[in-house]
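Hi there,

Please have a look at it first and then read on.

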Amino acid sequence: MERDPSSAKNSFAALREQVERTILPRVQTPAQYIGGELNAVVKSPEGLRGRMCLAFPDAYTIGMSCHGLQVLYAAVNRRPDWACERIFTPGRDMEAILRQEGIPLWSLETFSPLWQFDIVGFSLQYELLATNILTILDLGGIPLRSQERTDRDPLVIAGGPCVQNPEPWVPFIDLFILGDGEESLLEVADAWLEVRSQGGTRQEKLARLAARFACVYVPSLYQAALDADGRPLPPVPFRPEARPVIEPAVLLDLESFPLPTRPVVPHVAAVQDRITLEIMRGCPWRCRFCQSNPMKRPVRFRKVETILRAAWESYWATGYNEIGLLSLSTSDYPYFDELMDRLSAEFGPLGVSISVPSLRINHQWRLLALQLGTERHSGLTLAPEAARDEMRRRIGKQVTNDDLLEGCRQAFQRGFHRVKLYFMCGLPGETAQDLTAIVDLAEDIARVGRQVRGRPVTVVANVSNFIPKPHTPFQWLGMASREYLQQAHRLLRRRVRLRSVEIKCHDPDASLLEGLISRGDRRLGDVIQWAWEHGARFDAWTDQFQPQLWQEALRACRLDPAPLLHQPYQLDRPLPWDHTTVRQGRQYLQQEYLQSIDVNLQP
């Protein structure tokens with residue numbers, strides 16, 4: 001998308017008038033493009049040091065449900081000298097019109113073209129959002145490749161879970177921030193304005209940032225290489241400012257950092273339309289498949305009074321009638337009973353429900369089911385991950401079927417009539433018995449529900465495909481093949497005998513692409529751009545995903561995915577993402593992996 005600073009269409013008033021008059025009547029869900037939502041922050045340019053745009057590479061209805069986006073938006077806008085605005089990936093219909101009319105993609109707060117900002121920050125939450133990044137950059141008038149950018153362009157940064165292995169995203173991002181962003185984002189933003197004013201090349205300015213921050217990765221300062229077998233090695237710095245290993249930023253005192261209590265309320269229904277309160281960060285357990293666990297350590301908590309105060313402020317600022325308690329394992333919050341009792345007592349009379357989306361299934365789950373209300377909610381969501389004790393010990397999941405069944409029994413007695421279960425297939429050492437046990441467990445829960453309620457209940461078993469993600473104890477393993485996953489899904493579906501039980505299996509091709517991007521190297525950048533140029537958009541959406549297009553992209557770029565995706569690594573071999581680390585380090589991950597090999601060795 002060409003940019004023209006002198007064009008009237010690039011001014012706030014002219015652009016907005018043109019959009020409202022000629023564009024919005026021609027697109028689906030036009031309210032997602034107009035801004036002006038409740039609690040949106042619009043600042044006058046007078047007195048500002050810098051302007052940042054947070055870019056979420058998915059649809060508005062998805063991005064507005066991202067708690068992290070709301071946290072960073074509030075954090076930056078608390079500063080009187082910084083303005084933070086938002087941008088999301090436009091739908092295909094809007095993209096076509098913008099290209100046809102030559103109109104740049106704009107921020108929601110001030111209708112500013114993306115290229116006018118000092119910093120553009122991407123939140124990388126899911127690997128299959130990769131092509132949407134290119135859509136935003138291109139429509140926003142920013143060169144796709146970081147090496148093509150000049151001082152006329154914004155600094156393009158990225159954070160989020162996907163940057164645990166940043167290499168596939170490297171061609172498009174100037175700088176990555178690893179770890180917690182509440183403090184580090186603004187520190188880096190201030191430093192960028194400082195180094196930008198000092199002169200020198202863009203590369204020299206980025207090098208100054210790399211030297212200042214241990215959590216900052218500037219990929220242009222590193223040389224990528226392959227080993228003798230053609231497998232990627234961790235990039236090596238070639239400038240003294242670059243660190244051999246990038247460490248994540250950690251917000252040690254979670255209690256001291258305020259929750260966003262005036263979240264932006266979307267114009268249209270979002271995936272998560274409720275108040276979200278992060279009550280703790282990190283997880284005390286050690287599930288070996290989980291990437292979030294090592295990323296989010298150490299475990300930190302907020303006080304009950306802090307959460308209650310934020311709940312009330314958010315309630316009066318939004319009008320939502322549901323409060324969601326957010327963490328990796330909410331029922332492990334040390335003051336959980338007190339918090340639930342007080343929230344229920346204070347908000348129950350107002351018709352405000354309390355949702356607990358992340359429940360750990362253990363002996364406490366039996367009692368927890370008694371505390372849950374069914375106001376506007378008739379279903380539970382649980383994640384046993386595996387259905388047999390031996391496999392659970394292998395993957396580090398502390399779950400027993402007795403606790404699960406008894407907790408479900410209590411929930412059915414409280415009025416619940418739907419249970420959603422999350423499992424994985426393709427786990428290390430998996431057998432046919434592990435797969436059939438998934439269906440057996442789901443049917444056992446259905447029988448308990450019918451026994452308690454006197455009529456059928458609905459049990460849905462969602463089966464995802466295991467991906468050995470970077471910086472997990474299983475990172476040395478390869479991913480199961482497409483043929484294996486398809487066979488496993490057929491076995492699961494054939495096993496079902498009860499009509500009240502439904503098996504939903506995740507698309508193997510989507511999982512394989514997710515695994516490839518999560519475990520790949522810089523060569524994936526060419527594949528991503530080829531797929532985007534040939535029409536790949538919104539690949540995380542089932543109705544938009546085109547697996548054949550990605551297979552063509554791999555062939556066109558002459559990249560064999562098997563060594564990256566399916567071949568395991570020796571424990572002593574450098575991994576492609578060893579230049580980034582987690583707080584506990586590689587030795588801890590290796591110890592957990594070795595323990596998983598002997599399922600009788602308790603963690």
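Where does Val-265 lie? Val-265 is in the loop between strand E8 (232-237) and strand E9 (275-278); strands (E, at least two residues) and helices (H or I, at least four) are DSSP runs, numbered from the N terminus.

Some background: this is a predicted model, in which local features need pLDDT of at least 70 and side-chain atom pairs count only at pLDDT 80 or more, while totals for chains, interfaces and linings use all residues. Residues are numbered from 1 along each chain as its sequence is written, and side-chain values use heavy atoms, leaving out hydrogens and water.

Val-265 is buried, with a relative accessible area of 16% (buried means under 20%, exposed over 50%, partly exposed in between, with a 1.4 Å probe and protein chains only). Not counting residues up to four places away in sequence, Val-265 touches Glu-37, Leu-38, Asn-39, Thr-318 and Tyr-320 (contact means heavy atoms within 4.5 Å).

Next, Thr-131 sits in helix H5 (residues 130-139). Thr-131 is buried too, at a relative accessible area of 0%. Its side chain reaches the backbone oxygen of Ala-536 at 3.4 Å, a polar contact (a pair of N or O atoms within 3.5 Å; within protein, one must be able to donate a hydrogen and the other to accept it, and residues adjacent in sequence count only if both atoms are side-chain atoms). Leaving aside neighbours within four places in sequence, the contacts of Thr-131 include Ile-528, Trp-532 and Trp-550.

Happy exploring!
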